[in-house]
Amino acid sequence: MAKAKTVFFCKECGFESAKWLGQCPGCKAWNSFTEEPVIQTKVKGITNGTGSTAKPVPLKEVSSDKEERTLIGIREFDRVLGGGIVKGSLVLVGGDPGIGKSTLLLQMCRELSAGHKVLYISGEESAQQIKMRADRLGEFSGDVLLLSETNLDLIEAALEKEQPEVVVIDSIQTMYREEVGSAPGSVSQVREATASLMRLAKDKEISIFIVGHVTKEGTVAGPRMLEHMVDTVLYFEGDNSAAYRILRAVKNRFGSTNEIGVFEMTGVGLNEVTNPSEYMLEGRPEEEPGSVITTVMEGTRPILVEVQALVCQTNFNMPRRTAAGVDYNRVNLLMAVMEKRLGISLAGCDAYVNVAGGMKITEPGIDLAIVLALLSSYKNRAVDSKTIAFGEIGLTGEVRSVSMLSQRIKEAEKLGYEVCIVPKAKNARNVDGKPANIRLIEVGNIRELASLL
Ligand code: TYD
Ligand code: MG
């Protein structure tokens with residue numbers, strides 16, 4: 001009997017190879033190759049649905065009707081999608097296990113059930129389990145169709161028969177097609193499942209939401225290609241210990257990727273958090289050294305967060321440095337700038353930096369708050385609790401401007417802050433609608449900042 005032919009796939013990027021490789025030439029990941037049987041399925045592209053031969057059309061003649069959107073009714077979710085669900089779009093929702101992906105999508109079904117035909121397909125839970133979860137969420141005004149199935153052929157048939165408007169596929173990793181031959185969750189299965197769902201979404205104009213599990217590195221399991229194939233990629237993230245969850249768009253063909261939605265997990269499902277700043281600052285210490293409030297922009301939304309630092313005498317040869325919620329290397333860089341430009345020695349000090357509330361911040365506007373928190377802890381002097389600070393710090397110790405200054409200041413003003421430490425830059429002086437109740441202190445470099453303490 002002829003030996004079944006196999007090929008090797010990179011789990012990270014989908015790179016194909018005839019033999020096993022230690023390192024993927026495509027994405028340079030190590031140990032990412034898995035062996036899977038070769039399949040000879042005819043891969044159909046996305047057609048225009050009519051089956052006619054390809055004929056290019058002039059751009060000018062393409063109708064530019066706005067895409068049809070359906071509002072879910074969960075405002076935070078609608079915003080992340082760019083203003084509701086686009087008809088015929090394929091949305092991938094990724095996130096750690098237990099973060100609340102199934103809950104969020106079931107809540108979406110609940111809202112939509114009032115006037116739309118929704119089908120929830122789960123490959124992980126039985127209809128009874130889904131019902132139990134639905135009972136926790138409260139009354140449904142309409143009905144939702146449930147299907148516990150993992151076979152793609154049967155799912156396609158069900159979609160054909162029921163013609164729903166919105167479909168949820170709970171976990172793409174459990175779906176399989178028999179001809180493919182490899183186990184569910186493998187590279188070729190995930191790829192095949194996504195491609196067929198994409199085709200269904202476009203041909204039948206069904207909006208499909210697929211749940212994707214993430215690997216320990218934090219990306220959706222299966223090839224990275226999955227993210228290229230779908231229209232929108234949303235990540236549902238948050239600390240397991242903290243109750244709040246953030247829904248973030250990392251790719252969106254129908255809207256901006258800057259928006260986030262904030263939710264809180266409660267006993268009766270996810271609640272929207274409409275004022276995240278207040279939420280993030282709950283229970284913060286007042287007049288304690290090492291605590292500084294800053295504003296970060298999450299898309300077009302300013303959010304106030306607390307940066308904490310602890311600098312203390314080290315007991316080791318190598319001082320310990322840790323950073324939670326901010327980039328570790330950035331903290332090291334800022335400490336080097338402090339040593340050089342302020343002439344203080346931190347070599348004998350351990351330093352710990354933490355963003356309270358478990359948010360992860362990547363924007364450089366948080367630099368000023370980190371330095372101020374470190375200085376405050378180092379000098380053991382508290383920063384006034386009605387003060388916020390933001391700005392980027394360069395290698396020469398200069399404080400540079402940040403984007404959306406006025407929004408940041410206004411948010412601070414709204415929450416009752418009285419003093420705002422801002423970069424000495426042109427755009428700081430022409431903040432539109434001069435804030436009346438907040439005093440701006442402009443700093444040009446970190447020496448000026450240090451002299452404030
Ligand atoms: P789930 O939505 O199943 O997460 P995922 O699909 O991302 O794996 O469940 C999220 C967690 O939230 C689960 O541990 C139970 C909890 N939970 C609540 O706290 N309150 C609720 O109302 C529900 C439905 C779940
Ligand atoms: Mg789930």
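1. The largest cavity is lined by Leu 81, Gly 84, Ile 85, Val 86, Ser 89, Val 91, Thr 232, Asn 252 and Phe 254. A cavity here is a set of points, on a 1 Å grid over the protein atoms alone, where a 1.4 Å probe fits but cannot get out, and lining residues have an atom within 4 Å of a point. This lining comprises 5 nonpolar, 4 polar and no charged residues; Ala, Val, Leu, Ile, Met, Phe, Trp, Tyr, Cys and Pro count as nonpolar, Asp, Glu, Lys and Arg as charged, and the others, Gly among them, as polar.

2. The model is predicted: local features need pLDDT of at least 70 and side-chain atom pairs pLDDT 80 or more, whereas totals for chains, interfaces and linings use all residues. Side-chain values use heavy atoms, with hydrogens and water left out, and residues are numbered from 1 along each chain as its sequence is written.

3. The volume of the largest cavity is about 40 Å³, and the count is 1 cavity of 30 Å³ or more. A volume is the space filled by probe spheres set on the points, which are joined across faces, edges and corners.

4. Helices α2 (residues 101-112) and α3 (residues 127-137) have axes that come within 10 Å and cross at roughly 70°. Helices are DSSP runs (H or I, at least four residues) numbered from the N terminus; axes are lines fitted to C-alpha atoms over the stretch in contact, with angles from 0 to 180 degrees between N-to-C directions. The two helices are therefore roughly perpendicular (65 to 115 degrees; under 35 counts as roughly parallel, over 145 as roughly antiparallel and the rest as oblique). In α2, Ser 102, Thr 103, Leu 106, Gln 107 and Arg 110 meet Ile 130, Arg 133, Ala 134 and Leu 137 of α3, contact meaning heavy atoms within 4.5 Å.

5. For α4 (residues 152-162) and α5 (residues 187-204), the axes come within 11 Å and cross at roughly 10°, which makes α4 roughly parallel to α5. Leu 152, Glu 156, Leu 159 and Glu 160 of α4 meet Ala 193, Ser 196, Leu 200 and Lys 204 of α5. This contact has 4 nonpolar, 1 polar and 3 charged residues.

6. The axes of α8 (residues 328-342) and α9 (residues 367-379) come within 10 Å and cross at roughly 60°. The contact of α8 with α9 holds 9 nonpolar, no polar and 2 charged residues.

Notes:
Chains are lettered from A and ligands numbered from 1 in the order in which they are written. On a 1 Å grid over the protein atoms alone, a cavity is a set of points where a 1.4 Å probe fits but cannot get out, and a pocket is an open set with protein on both sides within 12 Å along at least five of seven lines; lining residues have an atom within 4 Å of a point.
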